[in-house]
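This briefing is for a reader who has not seen the structure before. The points below are grouped by topic.

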Amino acid sequence: PQVTGDTTPTVFGTVQSVDGSQAQLRAAFEIWKADGTSRAWAANSPASAWVADNAVRDAPSPALTPQTDYRLRVKTQAYYMTDRGATGVLDSGWSSWCYFRIDTDSPPPPVVSSSDGRYQPAETNQAADGVGVTGAFLFTPADTDPVAAGIQSDVVSYKWRLNSGTVSAPVTVTKGTAGKANITPNQVGENTIQVWGYDAAGHSSLTGYYSFLVNPGAKPSGVW
């Protein structure tokens, strides 16, 4: 589903009729819980008027519950008047459902580790290899509840930075899974990787850190 951090999203729909320019129309919106257990909101747009064919209508929803899945549908309503003066409203069929999620939470900081074992944590290990020697690193999403079963994270991408360098392009992943990056240390001694996880609503986690120690690069084996 689509994801938004806005708890009062504005919804849109285009009204249409075979009567074309002669039509007087409005949009009727409904938002339901995604599982269909209850309707959260319904409204007409315009609320007390009519518009022409192919008009785009919008309506702001009321405050919806965060961390909840919803579904939206819309239909066209047409005003009519007979030659005898009788009036009424005709309804089209409903559109297909549009599913979305209200997500206001930020992911927890990702856990960073060495996936090839080359550069182990600085707190407990000696310096390894050397400047310019690439290592493989794993970015694992942290669980909000360590004892709960299943994937809890909604992370869909990561970004990382080495030391004071530039932030990387996004590393996209399947929702809730780990990301990988090959990173080349660029200074002797301590190097620090900073990693951020992002959910589908664009919320960034706090920073995950990983520091490791690096030897100087290898000296030339000969000079010509």
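D91 is partly exposed, with 42% relative accessible area; partly exposed is the range between buried, under 20% relative accessible area, and exposed, over 50% (1.4 Å probe, protein chains only). This is a predicted model, in which local features need pLDDT of at least 70 and side-chain atom pairs count only at pLDDT 80 or more, while totals for chains, interfaces and linings use all residues. Residues are numbered from 1 along each chain as its sequence is written, and side-chain values use heavy atoms, with hydrogens and water left out.

**Salt bridges**

- A salt bridge is counted when a side-chain nitrogen of Lys or Arg is within 4 Å of a carboxyl oxygen of Asp or Glu, and the count comes to 6 by this rule.
- D91 forms one of them with K75, with the closest N and O atoms 2.6 Å apart.
- K75 lies in strand β6 and D91 in strand β7 (residues 87-91), so the pair ties together parts 16 residues apart in sequence; strands are DSSP runs (E, at least two residues), numbered from the N terminus.
- K75 counts as buried, at 15% relative accessibility.
- D69 and R101 form a salt bridge in which the closest N and O atoms are 3.1 Å apart.
- This pair links distant parts of the chain, since D69 is in strand β6 (residues 68-81) and R101 is in strand β8 (residues 98-102), 32 residues apart.
- Both ends count as partly exposed: D69 at 35% relative accessibility and R101 at 22%.
- R118 and D129 meet through their side chains in a salt bridge of 2.8 Å, N to O.
- R118 is partly exposed at 32% relative accessibility, and D129 is partly exposed at 37%.

**Nonpolar cores**

- A nonpolar core is a set of buried Ala, Val, Leu, Ile, Met, Phe, Trp, Tyr and Cys residues joined through side-chain atoms within 4.5 Å.
- In soluble globular proteins, nonpolar side chains tend to be buried together.
- The largest nonpolar core has 18 residues, of which F137, F139, W160, I183 and I193 touch the most other members.
- At least two residues of this core come from each of β10 (135-140), β11 (155-162), β13 (179-183), β14 (189-199) and β15 (208-214).
- The strand that gives the most to this core is β11, with 4 residues.
- A second, separate core has 17 residues, among them V15, L25, A59 and V74.
- F139 is in contact (heavy atoms within 4.5 Å) with V111, V112, Y158, W160, A178, G179, A181, I183 and V195, leaving aside its neighbours within four places in sequence.

**Strands and pairing**

- Two strands pair if DSSP finds at least two bridges between them.
- Strands β9, β10 and β13 form, in the order β9-β10-β13, an open sheet of 3 strands with antiparallel pairing.
- β9 and β13 are the edge strands, each pairing on one side only.
- β9 and β10 pair in the antiparallel sense over 4 bridges, and the bridge partner of V111 in β10 is T140.
- In a regular strand the side chains alternate between the two faces of the sheet.
- Strand β2 (residues 10-14) has V11 and G13 on a covered face and T10, F12 and T14 on an uncovered one.
- β2 runs antiparallel to strand β5 (residues 56-60), and 5 bridges join the two.
- T14 has V56 as its bridge partner in β5.

**Backbone exceptions**

- Most residues other than glycine have a negative phi, and most peptide bonds are trans.
- The peptide bond from S45 to P46 is cis, with omega near -5°, and P46 lies in the loop between β4 (39-45) and β5.
- N54 has a positive phi, near 70°, although N54 is not glycine.
- N54 is placed in the loop between β4 and β5 and is partly exposed, with a relative accessible area of 45%.
- Q67, also not a glycine, has a positive phi near 60°.
- Q67 lies in the loop between β5 and β6 and counts as partly exposed at 30% relative accessibility.
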